[in-house]
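Q: Could you take a close look at one helix packing in this model? I'd like the geometry, the residues involved and the cut-offs behind the words.

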Amino acid sequence: MSIERHYFPGNNTPQGFFSYYRFILGQREARRIFCLKGGPGTGKSTFLRGIGEAFLQEGEDVDFLHCSADENSLDGVILHNRKIALIDGTSPHVTDPVSPGAVDKIIDLGEYWNEEGIAASKAEIIDFSEEGAGWYRICYNYLCAAKSVYRSLEEIYNSAAESSEIYRIVADIIGREFQNYDISLRPGRIKKFFASAVTASGTVHYLDSLLSGFPEGAGGCDGGKLKRIYFISVPAGFSNRSFMDILTEGALYRGMDVEAYYCSMCPEEKIEHLLIPSMGLAFITVNEYHDLEPWEIAQPGPEIVLLDTSDYMNCVLLEGKEPLITALKTEYDMLLRQAVKCLGKAREAHDRVEEMYIPNMHFAEISELREQVMQEIRTL
């Protein structure tokens, strides 16, 4: 049975667009990486989706990499069984060949457009592109303001956390899960992505798909089944960095490859979810912005372990600051909604640009090209 997963390789963050595209498929592990080039409306997402769904229907494991600007659009697919990735290599996540010919190959959809027809709309294309870029800048300003509020919540929750109890829980997990594994001379590898993203539709997550199983090519064992899932309930703003960092390091030091899914607000430092495919383990952080209930998991069978961080906080301290917490949460949510509105305006401008490309594209020829690429993939 094929395994289908969805996540984001990039995200809208207080630092602007933040990319983890370099972790999609490494040069040494990849058999081939196809880099798609072409403007908006040239059919890149449709091209990627068509290939991904075709191999999924043939029983292969496929990861669908979503665009944070529009979660309904794809920026890439990974064909795990074949060690092949196809990636949208255009701005803002420019991807160029690293080992051309040996690993990487460019697919230029710009060869299938009517350049004169597109050039006739030059002024409008530039105007709407600049308008969209302006909305993104405003969005990122809102996200920066939201992060300041987020840091205030973090300060409150961290001061209330019973650190010794939390470290004891982590130590118990390490002892339970890793007791039969020695420290390895060759540390494992980490791959970094986002399970959720701030999009024009709001905060969107694909946690349920990540818990559907582990692709064989991602190191999954026992048919890719999950054996145990830790659901860690935290309030938005609580920093569980030490908790997740210790678990991540515990796995890496024992030679296990891991997948770490980071926070939109703290994309460089805060792991929200951790998957250890070789052990069939998942550690999932849930709150109001990326919530998931155990019964929503598609795959039956894994043991569920529930951890609520509120059980390890000073309730008296939190009750005394409840008015401030409420005010901060309201402010944070308002700033996030404003950022989402800006992303919606940016998407509208992007759609207007696409409208000028679409009539000038030779989509029948692009469909033929997609079939040719699929045949090439089957021969690799």
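A: Helix α4 (residues 163-178) packs against α6 at an angle of about 20°, and their axes are 10 Å apart. Here the axes are lines fitted to C-alpha atoms over the stretch in contact, with angles running from 0 to 180 degrees between N-to-C directions. That makes α4 roughly parallel to α6, a label for angles under 35 degrees. The crossing of the two, α4 and α6, is right-handed, meaning that the near helix is turned clockwise from the far one by less than a right angle.

This is a predicted model, so local features need pLDDT of at least 70 and side-chain atom pairs count only at pLDDT 80 or more, while totals for chains, interfaces and linings use all residues. Residues are numbered from 1 along each chain as its sequence is written, and side-chain values use heavy atoms, with hydrogens and water left out.

Who touches whom? On the α4 side you get I166, Y167, I169, V170, I173, I174 and F178, and they meet S242, F243, I246, L247, G250 and A251 of α6; contact means heavy atoms within 4.5 Å. Sorted by type, the residues of this α4 contact with α6 come to 11 nonpolar, 2 polar and no charged; Ala, Val, Leu, Ile, Met, Phe, Trp, Tyr, Cys and Pro count as nonpolar, Asp, Glu, Lys and Arg as charged, and the others, Gly among them, as polar.

Now α6 itself: F243, M244, L247, T248, G250, A251 and L252 are its buried residues, that is, under 20% relative accessible area with a 1.4 Å probe, protein chains only. At 1.5 Å a residue, the 12 residues of α6 (residues 241-252) should span 16 Å, and the end C-alpha atoms are 16 Å apart, which agrees.

Terms used: Helix = DSSP H or I, 4+ residues; strand = E, 2+ residues; numbered from the N terminus. Expected span 1.5 Å × (residues − 1). Buried < 20%, exposed > 50% of the residue type's maximum accessible area, 1.4 Å probe, protein only. Parallel < 35°, antiparallel > 145°, perpendicular 65-115°, else oblique.
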